[in-house]
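Here's a quick briefing to read alongside the model. Have the viewer open and follow along.

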Amino acid sequence: MSELSAESVRGEVRAWLEANWDPDRGLVEWRNMLAESGWGVPAWPKRWFGREMEEALVPVVQEEFDRIGAVGVAKTGIRTLAAATLLAHGTEMQKEKFLRRILTGEDTWCQLFSEPGSGSDLAGATTRADFDGAHWIVNGQKVWTTSAHHAQYGLLLARTNWDVPKHKGLSYFVLGIEQPGVEVRPLKQMNGHASFNQVFFTDAKIAPEFLVGEEGEGWKVAMTTLMHERRGADGTRRWAMGSNAKGRIYDEERAEIETQLEPYKWYPQRAGRVDLVVERAQETGRNADPVVRQEIARLLIMSRAAEWTARRARAAQERGRPQGPEGSLGKLASSNVARQARHVHTLITGTDSMLSGPDSPRDGTVAEILVSVPATSIAGGTDEIQRNIISERVLGMPKEPRFDTDRPFREVPRNIVDS
Ligand SMILES: Cc1cc2nc3c(=O)[nH]c(=O)nc-3n(C[C@H](O)[C@H](O)[C@H](O)COP(=O)(O)OP(=O)(O)OC[C@H]3O[C@@H](n4cnc5c(N)ncnc54)[C@H](O)[C@@H]3O)c2cc1C
């Protein structure tokens, strides 16, 4: 990063914020201003609300926002995956229609990938989309769909051709959730939250212009979504945390966190809350125990190393290297960090870790960490799948034996009668 350009960016963003930031503006009004100015997503193309700024300089912009507590564009949830996917594969019309409202937070998105019979084996999806001459008609079922109960749009992977091998018969769509033929049923998790859903499609419709990429190219488009999802799990992500500050914009942001972003409330706990560990050790006096100190040190080493590895991978991408398997390495590291953090929290808090409710340690946060951490090694592709990717694509080890990729999907034995 050149010092000169970092300082000039800092000066420019600071001047712009001084002239424009006002906590009494409306949230959507402010985010529209961010979109217009390019300061909301400075690394994005100029044509689409950005400034084409090198990624390495983006933290400088963020620091200036943080310095005065300025609110940013909407970044939490699947909307960031939708934006990345549409920027890479969307048509002009799709970018025009969706990107701005993603940034303002007016639209919420969900990811309609996993199915009861295909999670890790995503290419085995059997939800179907058939073209009737005017529309794609969708039938089938998805599951684990975070946020579908708040969403206006879904990123849908569906089978459009059963007569080619499984990866080649998939297409990628933007599906309107609030339409007849789409039924969203919430599921309750063991941590008490209900962020996932089952989603059922019965003759749901998609207009042809909402196909993303070409028909049959859904796998390629889905890989873009997943690479961004895994990259986002690499330890550099920030979750929406409401500020206590006064002003209309903060009130509206708190309301957004309570409603639309409610499914993500437990996500910091799912990552293990490394940030709480030292504080908890000090407040309980467990920092005097050499075993606890050793485990804390181990956690902090793992966590910092994972973060620096992620930053190094990003820096390499900025120098023109395409996004590669680093996402899988980072995702696996985040699972290890979360598990070690859970272990350390348990060492510090002891059996009280199991208590929830207002009298429990940190109002039940420790208990929530315990039951939320397992999600990290499942969401966005399990640890075993990340290990397979690393062994095959990074280390060049032999591929898993496959019986289902060399024949039309229709002929692949399955345990569900669906075609
Ligand atoms: C917090 C969270 C949020 C999620 N949000 C969404 C969402 O919004 N949208 C969405 O579409 N999905 C979502 N998912 C689903 C997630 O992507 C799937 O759960 C995940 O891909 C695993 O699929 P599965 O649950 O069907 O497990 P399975 O694929 O049935 O796997 C079961 C077990 O078998 C192992 N396994 C499977 N195949 C192999 C193999 N080839 N080699 C070695 N081991 C293997 C797995 O690692 C796992 O331990 C979410 C999951 C979580 C936990």
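**The loop between α11 and α12**

Let's start with Ser360, which is buried at a relative accessible area of 7%; buried means under 20%, exposed over 50% and partly exposed in between, using a 1.4 Å probe and protein chains only. Ser360 sits in the loop between α11 (326-349) and α12 (365-372). Helices (H or I, at least four residues) and strands (E, at least two) are DSSP runs, numbered from the N terminus.

Keep in mind that this is a predicted model: local features need pLDDT of at least 70, side-chain atom pairs count only at pLDDT 80 or more, and totals for chains, interfaces and linings use all residues. Residues are numbered from 1 along each chain as its sequence is written, and side-chain values use heavy atoms, with hydrogens and water left out.

- From Ser360 to Ser120 it's 240 residues in sequence and 37 Å in space, C-alpha to C-alpha.
- Pro358 is in the loop between α11 and α12 as well, but Pro358 counts as exposed, at 71% relative accessibility.
- Arg362 is another residue of the loop between α11 and α12, and Arg362 is partly exposed with a relative accessible area of 27%.
- Arg362 isn't a glycine, yet its phi is positive, about 50 degrees.

**Another positive phi**

- Glu52 also has a positive phi of about 50 degrees although it is not a glycine.
- You'll find Glu52 in the loop between α2 and α3.

**The chain as a whole**

- The protein chain has 13 helices and 8 strands.
- Why call the radius of gyration of the protein chain consistent with a compact globule? With 419 residues, such a globule would come out near 22 Å, and the protein chain has 22 Å, so the two agree. The radius is taken over C-alpha atoms, and the globule rule is 2.2 Å times the number of residues to the power 0.38.
- Along its principal axes, the C-alpha trace of the protein chain spans about 65 × 50 × 45 Å.
- Of the 419 residues in the protein chain, 49% count as buried.
- In the protein chain, 73% of the contacts with a separation of 6 or more are between residues 24 or more positions apart; contact means heavy atoms within 4.5 Å.
- On the charge side, the protein chain has 54 positive and 58 negative side chains, and the centres of the two sets lie 3 Å apart. Lys and Arg count as positive and Asp and Glu as negative, while His and the chain ends are not counted. Each charge is placed at NZ of Lys, CZ of Arg, CG of Asp or CD of Glu.

**Helix packing**

- Helix α7 (residues 248-258) has Ile249, Tyr250, Glu253, Glu256 and Ile257 buried. They cover an arc of only 115 degrees around the axis, which puts them on the same side of α7. The arc is that of the directions from the helix axis to the C-beta atoms.
- What do the buried residues of α7 pack against? Their partners are α2 (27-37) and α3 (58-68).
- In helix α4 (residues 79-89), the buried residues are Arg79, Leu81, Ala82, Ala83, Ala84, Thr85 and Leu86.
- Those buried residues of α4 pack against α5 (92-104), β1 (109-112), β4 (153-159), β5 (170-176), β8 (211-212) and α6 (218-232).

**Buried spots worth a click**

- His345 lies in helix α11 and is buried, with a relative accessible area of 0%.
- Leaving aside neighbours within four places in sequence, His345 is in contact with residues including Gly272, Arg273, Leu276, Val366 and Ile369.
- Arg159 belongs to strand β4, and Arg159 is buried too, with a relative accessible area of 0%.
- Not counting residues up to four places away in sequence, Arg159 touches several residues, among them Ala123, Thr127, Arg128, Lys166 and Phe409.
- Thr126 is in the loop between β1 and β2 (128-131), and Thr126 is buried, with a relative accessible area of 18%.
- Thr126 and Phe409 are 283 residues apart in sequence, yet 9.6 Å apart in space, C-alpha to C-alpha.
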